[in-house]
Every structure is written in structure tokens, then in C-alpha cells.
Amino acid sequence: MTARTSGLLCALFFVLLGGGQMYLAPRLAGGLGLSAAEPGPGLFPMMTGALMFISATALLVQLLPKAQTEEAAQYRSPRDVIFLIAAIALYIFLLPRAGFFVAAFLLLFGALTIFDMPSIWRRLMTAAFATVISYGVFTLGLSVNMPNPTWFN
Amino acid sequence: MNAFEGLAFGFSIALQGQNLLACFAGVLIGTVVGVLPGIGPIGAMALLLPVTYSMTPAGALIMLAGIYYGSMYGGSTTSILLKVPGEVSSVITTIDGYQMARKGRAGAALFVAAVGSFVAGSIGILGLAFLAPVLASSALRFGPPEFFALCILGLLVLSRITGSSLVRAAIMVALGLSLSTVGMEPMSGVSRFTFGSLELAQGLELVPIAIGLFGIAELLSSVHEKLNSEKPLKVKLKELLPTKLEWNRAQWPIVRGSILGFLFGLIPGPTAIIATFSSYALERKLSKHPEEFGHGAIEGVAGPESANNGAAQGAFIPLLALGIPFAPASAMLLTALLIHGAKTGPMLMVESPEIFWGVTSSMYVGNIMLLLLNLPLIGVFVALLRLPMYLISSIVALLCVVGTYAISNSILDLWVLLLSGVAGYLLRQLKFEPVILLMALALGPILERSLLQSLYLTQGNLEEIMARPIAGTMLTIALMVLIYPLLRKLPAQFQKLKSIHT
């Protein structure tokens with residue numbers, strides 16, 4: 001995807017978001033209020049929605065006529081970025097189910113792989129060591145209460 | 001309380017055991033952050049926000065402020081030894097600092113940089129102690145319309161200084177303010193945009209969003225970046241002291257750089273960087289040996305290194321006295337103040353003098369700590385540069401998720417963190433500035449409450465807000481901040497039109 005296309009899609013997303021907020025704000029309980037002297041809970045969201053709608057429309061208009069100066073795709077392959085997002089999502093999924101040790105070990109192993117640490121054995125050892133150390137620091141040192149793993153109870 | 005009484009009171013706060021520890025931790029982390037390329041002070045402050053929950057607001061601010069000015073110290077180390085600036089404000093130091101290191105004078109360059117930073121810090125603290133109370137003396141005249149105007153001014157100033165286009169900045173402001181409306185409305189208690197979720201009814205937590213926007217997004221951005229394999233130049237302890245000639249040449253550039261930097265810090269924008277370049281240009285102009293600049297002139301290190309610290313201290317004046325962040329790092333400090341429930345703006349000095357004076361005095365303590373840390377422990381900090389980035393990045397990833405969970409043991413916060421991280425990454429790719437979003441999110445509830453109160457107070461008559469001297473002046477300045485860049489472009493546009501017609 002080119003920079004311009006992603007910019008246009010982003011602007012469109014914000015136009016819809018602002019528009020959606022403007023649609024929902026008057027429908028909140030109390031709406032926009034009776035008058036300017038008695039504003040309702042929908043007034044401020046209406047204003048921010050309008051600001052987003054107008055600015056995003058302006059961005060859309062700014063980006064549209066630049067078709068002739070279209071630049072080539074400049075974004076790097078997002079594969080590793082997606083892997084890192086997946087590793088964090090897996091941690092969040094596993095934390096309440098499999099507990100801190102499993103979740104943290106997998107996150108660290110995944111991150112070390114994504115950030116190109118050589119040798120799988122070194123990665124496994126480093127992840128295991130760092131998990132134990134971080135457990136000690138966070139739970140024993142800083143009194144962070146980790147959830148009880150539901151899968152093992 | 002006058003400035004001297006204030007400073008004395010501040011030292012009684014700053015020298016308490018836990019605050020001393022907070023200050024030490026802050027400057028140490030700041031130095032490490034400054035030394036390591038890739039992790040900025042804003043990311044580090046965001047990452048450590050959860051740790052500050054168990055601290056007093058003064059202790060939290062003392063630690064976070066320490067990270068900010070500590071990073072300025074640390075940034076010079078890599079500039080001198082590696083020719084890689086740890087911080088953008090240390091870019092100019094790479095020129096003469098690295099040349100000095102190549103000539104075997106790395107120790108002297110580091111010493112002068114540390115002393116210059118200390119002098120600049122000390123001058124800045126005095127300026128802060130004397131100028132900020134004058135600015136904040138109008139505190140008692142502040143009502144809802146003034147707070148409304150202050151929030152508008154703060155958001156506009158931040159939008160204009162971050163380098164983002166006006167339209168993109170407006171979208172970030174709108175998005176941040178919109179997110180701040182999720183949860184209970186401040187006046188009536190009506191639930192908004194919660195879609196039936198009880199957790200959302202309490203509103204969105206600032207910290208997961210801050211860590212996501214700066215910690216996770218930074219990690220995602222760094223996935224493809226090349227690792228630095230360059231080895232730093234060695235420095236021996238006995239080489240630390242500059243020669244008499246070097247010291248004589250460095251003295252006045254340190255004084256000039258400190259004052260110049262402090263004055264630049266009072267102006268909105270990336271002033272620490274501008275201050276360093278201005279100081280370098282000034283020293284080159286005043287030097288008896290301008291031909292040495294670029295080849296290891298000690299003035300080229302002493303002036304800019306003092307200037308960047310002076311600017312960092314100067315930026316605390318608008319932050320602590322008016323609650324307006326003139327730099328992105330100040331915005332993060334303001335966020336921390338809001339998280340800890342402290343009054344921001346001029347009321348900070350009235351209602352929480354322990355924060356204002358404690359932070360101000362702690363900077364002096366912190367600067368002494370930095371001086372003592374940076375010189376004998378330079379070898380330790382240099383050794384940090386040999387740590388592989390894959391290890392640092394992986395540990396930062398774990399810190400982000402555990403730190404966020406620790407705030408309220410909420411899995412929802414972790415999903416908010418991940419979502420904010422992805423959003424922050426995408427926003428950066430699309431040239432948006434996430435710091436504006438965070439600031440708008442933090443100021444949103446205050447802005448809404450003061451707007452609604454102002455409307456009740458004036459019976460819906462907005463002209464009355466403009467007629468109030470302080471609110472009117474601030475809104476006029478806000479308007480000027482908004483239209484000045486557009487006006488500045490006008491002559492060029494006229495010139496363009498003229499050339500088309502001729």
C-alpha cells in the first residue's frame with residue numbers, strides 16, 4: 001500500500017469516526033442540553049466529533065489531488081511487526097489462563113527471536129532466565145499480584 | 001512564600017529519604033536512557049508511570065523529572081565516544097566531542113560536558129525558583145473560564161510545536177478529547193460510549209495508553225532498525241581532567257550556553273535542539289580559534305552541552321507555573337501530575353507547594369548526583385553500549401506488559417495497551433504526533449468541566465469569557481498561535497501569485 005493510499009484510508013477512518021460521534025452524541029441521555037446556558041452530556045462529544053470530522057475531511061481534501069506525485073511504496077515489510085503484536089497478544093491471552101511463567105517465557109522467547117538473537121538455545125536459556133528474574137523482581141520485589149492460572153486450577 | 005523560603009521548603013522535601021531515592025533512580029535511569037540510542041526519555045517516563053503509583057505525587061514528579069534532565073547528561077556520552085547522539089539535543093556534540101575523543105581527549109570532553117550541564121542546571125533552577133512564582137501569582141484570579149482558556153492554549157501550543165501539520169494535529173486533539181469522553185460525564189454522571197461495559201464506565205486509564213503510544217509503538221518501530229555494531233572509544237579515569245588551557249577555554253562557553261539555553265527553554269518548541277545549534281554558532285563566532293571548530297574545539301562541546309541542559313530546566317517554568325507543556329517531555333510530566341490527581345497550572349504552587357518546590361529543589365540535588373555519577377561511572381555507562389539491542393528490546397516489551405498489569409491488575413488495560421501501541425505505531429507511520437493525542441486525553445476532562453462550568457456561569461454567553469482579562473488574553477494568544485504560521489506563509493504566497501501574473 002502506498003503512503004498516499006494509507007493516508008487517504010486513515011483520513012476516511014477519522015471522517016467516519018467523527019461522523020459517528022456526531023451521530024451518537026445527541027442521542028445520549030440528556031442530549032446536547034436545553035440551551036447554551038444548560039448544556040447536556042452530549043455537547044462536548046458533539047464538539048470533538050465535529051472537530052475530528054472537519055479536520056479529517058480537510059486532510060482527505062489535501063491528499064486527494066496529489067495523484068500525479070504518487071510515490072512508490074515506502075513501508076517496510078510488516079511481518080516482524082505483526083509477529084511482535086501477536087507475541088504480546090498471546091501474552092495477554094495466556095496470562096490469566098496459563099500464568100505468568102508460561103506467558104512471560106513465550107513473550108521473551110518471541111521477542112528475542114524477532115529482534116534477531118542468534119542461536120535458539122541461547123534464546124531459550126535467556127528467556128527462561130529473564131522470566132525467573134522478572135518474576136522475582138515484580139512479584140517479590142514490587143508486590144505485583146499475578147493472576148492465578150485458570151488452566152492449572 | 002518567597003523564592004528563598006520556597007527553596008528551603010523544597011529542600012526539606014527533596015532531602016527526605018524516599019524522595020532522595022526517587023531522585024537518584026530518576027537521574028540514573030535518565031542517564032542510561034540518554035546513553036542508549038533508541039529509548040527516549042518520553043518512552044522511559046511512560047514505562048515508569050506505573051512504578052510511581054506507590055509514591056507520593058512529589059516523589060513521582062521528582063523521579064520523572066530526573067529521567068528528563070538525566071537523559072540530557074547521558075546523551076553526551078554516546079555523542080562523544082561513538083559519534084551517535086543518545087538524544088537529538090546532543091547531535092551538535094558529535095562534531096567536536098568525537099574529534100576530541102579521537103585525539104585522546106574523550107575524558108576532558110566528558111568532564112566539560114558534565115560540568116557544563118551542572119552549571120546550566122544550577123542557573124536554570126535559580127531562574128525557575130524566581131520566575132515561576134511571579135507567573136503563578138495570578139492563581140487566585142483563575143476561574144473556570146481561565147482554566148478553559150489555559151487548556152485551549154496548552155493544546156494549541158503543543159500542536160504547533162511538534163512539527164505536525166495543523167490538520168493532523170487537529171485530528172490528534174479531536175481523537176484525544178473524544179477518547180476522554182468515554183465513561184461518566186463529569187457534571188451529570190451520564191455514561192457515554194461505554195456500550196454496556198462496566199469497566200469502560202470508569203473511563204479510559206491514561207497509563208496503558210501512554211505506555212502503548214510510546215513504549216510498545218517504539219518497540220514496533222524499532223523491529224527493523226539496524227543494530228549498532230560500532231565500538232565506543234575507550235576513556236580512562238586519569239584522562240578525565242581537562243588541562244588548564246582547555247578549562248580556561250571552556251569556562252565562558254559554559255556560562256553563555258547555560259543562559260542561552262535557559263532563555264530558549266522558555267519558548268515553545270524543540271528549543272533544546274535550537275539552543276545547542278545557536279550556542280555552537282555563537283561560540284564559533286566569539287572564538288579566537290574558529291578554525292578549530294569541527295576538529296575538536298572544546299568550546300564546541302562546552303557551549304552546546306550547557307545549552308541543552310539549560311533549555312531542559314527552562315522548560316519547567318511554563319510547565320510548573322502555567323501547566324502548559326512547551327516540549328513533548330513536559331507533556332508527559334503534566335500527564336503524570338494529572339494521574340496523581342495534582343492541580344495543574346497556577347494552582348499547583350498554591351495547593352501543592354510540596355510538588356512545586358520539592359521538584360525545583362530536587363533538580364539541584366539531582367544535578368549534583370549526576371555530576372558525581374557521570375564522571376567516576378563513565379566506564380559503566382559505556383559498558384551499557386555493549387549490551388545487545390535484542391536483549392534490551394525484549395526486556396522493555398516485558399516491562400511494558402507487566403508494568404501496565406500492575407496498575408490495577410486488569411486484563412482490559414493490557415488490551416488497551418496493545419491497541420494503543422498498534423495505533424501509536426500506525427499514527428507515526430502516517431506522520432501523526434501521538435504526544436498531542438495523549439495530552440488531549442489528559443486535559444479532556446478538565447477542558448470539558450471548565451467549559452460546562454463557564455457556560456453555566458455566563459448563561460451561555462461566550463463573549464463574557466472573552467471579556468475576562470486573563471481568559472481573553474490567553475484565548476487571543478491561542479488564536480495568534482493558531483494563525484501565525486498561516487500568516488507567515490502569506491508573503492511567499494503573494495510572491496508566488498505575483499510571479500504567476502508577471
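User: What makes the order of elements in chain A α-β-β-α-α-α-α?

Analyst: Helices are DSSP runs of H or I with at least four residues, and strands are runs of E with at least two, numbered from the N terminus. By that rule chain A has five helices and two strands. From the N terminus on, they run α-β-β-α-α-α-α. This is a predicted model, where local features need pLDDT of at least 70, side-chain atom pairs count only at pLDDT 80 or more, and totals for chains, interfaces and linings use all residues. Residues are numbered from 1 along each chain as its sequence is written, and chains are lettered from A and ligands numbered from 1 in the order in which they are written.

User: Why are α3(B) and α10(B) called oblique to each other?

Analyst: Their axes, lines fitted to C-alpha atoms over the stretch in contact, have angles that run from 0 to 180 degrees between N-to-C directions. Helix α3 (residues 41-48) of chain B and helix α10 (residues 206-222) of chain B cross at roughly 125 degrees. Under 35 counts as roughly parallel, over 145 as roughly antiparallel, 65 to 115 as roughly perpendicular, the rest as oblique. The pair is therefore oblique.

User: How do you know what share of chain A is buried?

Analyst: A residue is buried if 20 or more other C-beta atoms, placed from the backbone, lie within 10 Å of its own, exposed if 12 or fewer, and partly exposed in between. Buried residues make up 33% of the 153 residues in chain A.
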